[in-house]
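Hello,

Here is the structure I promised to hand over. Please open it first, then read my notes below.

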Amino acid sequence: MSGKILNIDVHESIIDFTADYISKSDKKTALISGGRRPFLFIKKKLAEKQKKAFFSPEFFTNDGFIEEIIFDNTELIKISDIEATFMIFETVKNESPQLLKDKTSFASFMEWSFEILSFIEQLDLENVSEDKLKAVKANAEIGYDVPENINSLLKNIFKIRKSFYNSMEKSSKTTKGHSFLKAAEIESNLLAGNFDEIILMSPFYLHKVEIEIFKKIYNAGKLTVFIHGNPKKYEALMQIYSVFGEPLPDIENKKDEYKLNIYSAFDDQSQGALLKNLISGYSENDLDKTAVIVPDSKMLQSVISEISIVTDRYNVSAGYPAEKTPVFSLLNAIIEAQLSRKGEYYYSKDVMKVLTNPLVKNMEFLGESSISRTAVYKIEEALNQYSGNCLSGRMFVAFKEIIGEKQIIDEISLAVNEVWEYTAPEEIMKMLKEIFDVFFTSWEKIETLNNLSYILSELLEKIYSLSVAANYSLNAEATELLLSLAKELKFGEVSQAKFQNEDVLNTFKKLIKNKRIVLPGSPLKGLQILGLLESRNLSFENVFIVGMIDSAIPAVKKEYSLIPKDIMYALGIEIAKKELEIQQYHFDRLISGAKNLNLIYPDNDKDERSRFIESLIWNKQFENKDINIVKINKFVLPKFLAKQPAKRKYAKTKKIREYLKNMSYTHSKIDAYLSCKLKFYFMHVLILDERTKVGQEFSAVDIGNFVHSFLKDTLCEKLDSKKLQTLEFEKEYFKKFENSFDNSPHFKFREDAFMIKEVLLYRMKNILHYERLRSYKNIYGCEKKYYSNIKTASGETYKFNCRIDRIDTDGENYMIFDYKTGAAPGSIVSNKYFDLMSNNFDRQNIKKAVSSMQLPLYKNIFEKETDFAVLECGIYDIKKAEIIKFPERKEIYDKCIDAVRSLLDEINTGESFEFDEEDKVNCKTCKYFYICT
Ligand code: SF4
C-alpha cells in the first residue's frame, strides 16, 4: 500500500489541521516542514489538546530529516562551510589550476570557492547526471556566450565535483547536496527509520533528489503529504501529485475573506511610522494574532524603532544584521587595524577606532571602567596633531612608543587620580600592554585559522568578563555566533593550513560578512516580525506587509552570480525558474489565512509597487467591474515645522568685563568680532574650539604651517636679496625643501605624500623666482613678535600683540607682508571705503569696507614699537607667488585704526553679546552653529 496526499484548503490553518491530525493518531510519527517555527505552534496546539494520550511526533526540517538518515546509516559527518570551501580551493588547484588565474591564495579565491560549492549543491539537489555534465563540457568547449573563466569552470566542473567528493569521503565528511544524493541510494525500509508515518507538511517545490527519496517512502506506504492550497493554481504542487502518481483533487475555489487595506508612505521611516499608528490601538490579544512581514531586512531597523514606541511585546525573527552590533564592529575594526599596519606601526586612526569602541573603552581592566576610559581619552589627545606631545599628529604609531612615553603615562595616572583613585604609572603601563596585546599584537602573528580561533575565543572571553557586553542581548547573540564560528575554525585540514597573516584575516572578514542574528523573544506571544520565508506555514489574523516594492517582494534574482540562468536550465536546475512561483505561493497562502490584510509600499520615483499588489488590485477591479474600487490610503508624516530657535544673548558679567579689559587683543580677535559678535564670544571669551580627530586628513592648516616654517628657514632674517640670485642659494633652498618635507611627521606615512610634495615644490620654485624679481635690500625679520597697546576714545588702553610673517627693508623703509597659503582676498579695501567708514563707525559697514584689520594693525604696532616707517604692506599670496598690496594712503590706515578703537570700546561696553541679523550669512558654515541658540 502506498502513502497518501491530503489536501487542505488554503484558508484553513495548516497548523490547526496538523495538530488535529497528529492528536488523533496512534502512530509513531515524524513531521517534516521547511522551517522550525511551525513546530512551536503545533506543539502549543498539541499541548492544548492533550486530553487523550497520543504519541508526540518528532520534528524535522527537510535538511534535518536527510541528515538524520545519513547519520543513522553512514559514517559521514557534516563538513563546515569553511572546510568545504578550502577543499574546493585545493581541488581546483590540483585539477584545474588555470581557474585560479591571479587568485592564488585561499583568501582571494574564497568567494569563487563558495560559488562553486553552491553550484555543486544545485547539481546534487537536482541530481544532474554525469552525462548531462559531459554535455555541458562539450558545449563549453564550443564556448557559451559567457566570460572565459565560466566556460572554463563548466568544462571542468565534472572533474572538480568528482575529485571534491573523493576528498570528502576520504575524511568521512559530507555536504548537504552530497547527503541528499547518498540518502537517495539508501533502501526504502531504512529511509523511514523506526517511524510508522512520515508527514511532509505543506511542501511546495521539491528538488529532484528529494522526490526520489520521498517517493521511496511513499511507495513503502509510510509517507503522508499535506498539500496546502489548490494544486491547480501552482505548477509545483501539480508536480507533487504527478510524481506520486495521484490524481489532482477537485477543489472549489473559495473566496478570500480578508479586509484589504493598501497604504502608501514615502520612505522606510514613514512606513514604520504608519505601521506604528496602525497597531497603536491593538490589545495584547490582538498583538498575539498579528504578524508584520518585512521582505527586505534593510527596513527592519525603521520597523523596530517605530514599533518599540507603542509596544515591547514583539518578536523579531527576520534576522538582524550582525555587523551592526558593537561586538562585530569591534572585530571589523581589529581586522582593519591589522590590515593597515606597517610592521609594528599601526595607523593611528584605526587604533583609535578599536580603542574607542564602547566595549573596549569601558572594560574594567584594573577593576574600574573609568581607568581604561581615561587612558583611551589621553592616548587620543596625545595623538592629536595639536597636542604638542612627541606623538602629536602621528599617522602611524607603535605601542612601545605610547608605553615608553613617560609624559603620557604620567598624564593618564594623574587624570585617573581625578576620576577614580591613585593608580601608579607602572599599573597604567601594565594595563595598556594588556589592552594592546588583546586587541592588536596577539593578532599580528596569526597564520592559521586554528590560531585565529584561539585568539578570537580569548578576545570574546575578555570582552565577556571585563565589559558590559553580556548585559545586552544583541551582543550576547553576536558573541554566541562568533564562538560557534571559532569552534568551526578549530578543526579540519583548513584549520592547520598556513597562510599569510593578512590572508587569514581577509578570510575571516569574508566569513563574518552578512551574518545575521536572531533577536531574542517569544515566537508564540506578541507581535511577530518576520521575513516572507519565515512566515511559511503560519497563519495570522492581522497581517501587515511593509516595503512592498517589486524588487523586494517578489525578490527574484535576475542572475546567479556565477552560472547564467540559461545554463542552469540546460542542466535541469529549475529552482531559478520557480522563484517567482514559490514567493507567490507563500504570499497567497499568508494572505488567505488573514482577516485584516494591510499592505504598505513606498510611493516615490525610485521604487515600483510590488506586482503582488498590482494583481490584487486588478482582481478586485475585475470582480467588481469598477476601476476605482480599491482606494490607496496615502500616509503623510506630519510636518514638524520646527520654529527656528532664537539665538541667545550672552551677558557680559563682571568677570567677563574684567577679562575683556585685560585681554591681549590681536587682529584675528578684531576680525572675529567684525564677522559676528557671538563668534567672538565663543572663540575668544569661552575659548571653545573644535576637537581635532586623530588621523584626521591633512588639513590646510598643516600645509600652511609647513610653508611658513620652510620660508622662515630659507627666506630668513638678515638674508641679503643679492644672495637669492646665486646658484648656491638655489641649491640650498631646494635641499632644505627636500629635508623638511621628508622629515615632516605629517607627510611621512601618507600614500599621497609624493603628490603633495610635487605641488609644494612647484609653488616654492615660483616663490623663489618671484623673490629674485623683487627689489629690497634684505629681510629684516621673520615671524617677529611685537607687543603694544591702543588707546581708545573712551580713554581706555588695550593691549595688543602681533607676529609678523615677513618684514623686508630697502635700508630706509620697511615692508610688511603676511603669507597666505589658502585663498587670498581679491581686494583688501572696498572702492566705497570712505563712504562706509564714516566717523560713526558701524560694524556692518566696517566689514564691508575692509576685509581684515591685520595689515593696518601690523603697521600701527610695528611703527609704534620700532619707530621705523612702513612704506608698504601686503598679502603674500603663496599659491600665485604675488603680493596683493594694501593701499598706500595714510588716511586709509588711520581710519582702520580708528575703527579698531571704536570696536574695542563696543566690545568693552554694553550688557551682552547679542546676535545681529546681518551676521546670519556666516551661520551656515560656522563651527558654532549647533551650540549657538
Ligand atoms: S552660528 Fe551664526 S550667530 Fe552663531 S556664532 Fe556662528 S556666525 Fe555667529
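W112 is buried: 21 other C-beta atoms lie within 10 Å. (Buried means 20 or more other C-beta atoms within 10 Å of the residue's own, exposed means 12 or fewer, and partly exposed is in between; C-beta atoms are placed from the backbone.) W112 sits in helix α5, residues 106-125. Helices (H or I, at least four residues) and strands (E, at least two) are DSSP runs, numbered from the N terminus. T85 is 27 residues away from W112 along the chain, yet their C-alpha atoms are separated by 8.8 Å.

Two notes on reading this. Residues are numbered from 1 along each chain as its sequence is written. The model is predicted, so local features need pLDDT of at least 70, side-chain atom pairs count only at pLDDT 80 or more, and totals for chains, interfaces and linings use all residues.

Confidence next. pLDDT is the predictor's confidence in each residue, from 0 to 100. The chain averages 89, and 94% of the residues score at least 70. Confidence is lowest in helix α34 (residues 745-748), at a mean of 66. Strand β16 (residues 542-545) is highest, at 97. Where pLDDT is low, the predicted coordinates should not be read in detail.

Now the cores. A nonpolar core is a set of buried Ala, Val, Leu, Ile, Met, Phe, Trp, Tyr and Cys residues joined through C-beta atoms within 7 Å. The largest has 170 residues, and L275, V292 and I600 have the most contacts inside it. A second, separate core has 55 residues, including M764, M837, I861 and I875.

Most residues other than glycine have a negative phi, and most peptide bonds are trans.

- The I553 to P554 peptide bond is cis, with omega near 5°. P554 is in the loop between β16 and α26 (565-570).
- I687 is not a glycine, but has a positive phi of about 50°. Its loop runs between α31 (677-685) and α32 (700-714). I687 counts as exposed because it has 7 other C-beta atoms within 10 Å.
- A881 also has a positive phi, near 55°. A881 lies in the loop between β24 (870-877) and β25 (882-885). With 17 other C-beta atoms within 10 Å, A881 is partly exposed.

Last, the ligand. Of the 13 residues around it, C676, L678, C923, C926 and C932 come nearest. (Near means a C-beta atom, placed from the backbone, within 6 Å of the molecule or strand.)

Best wishes
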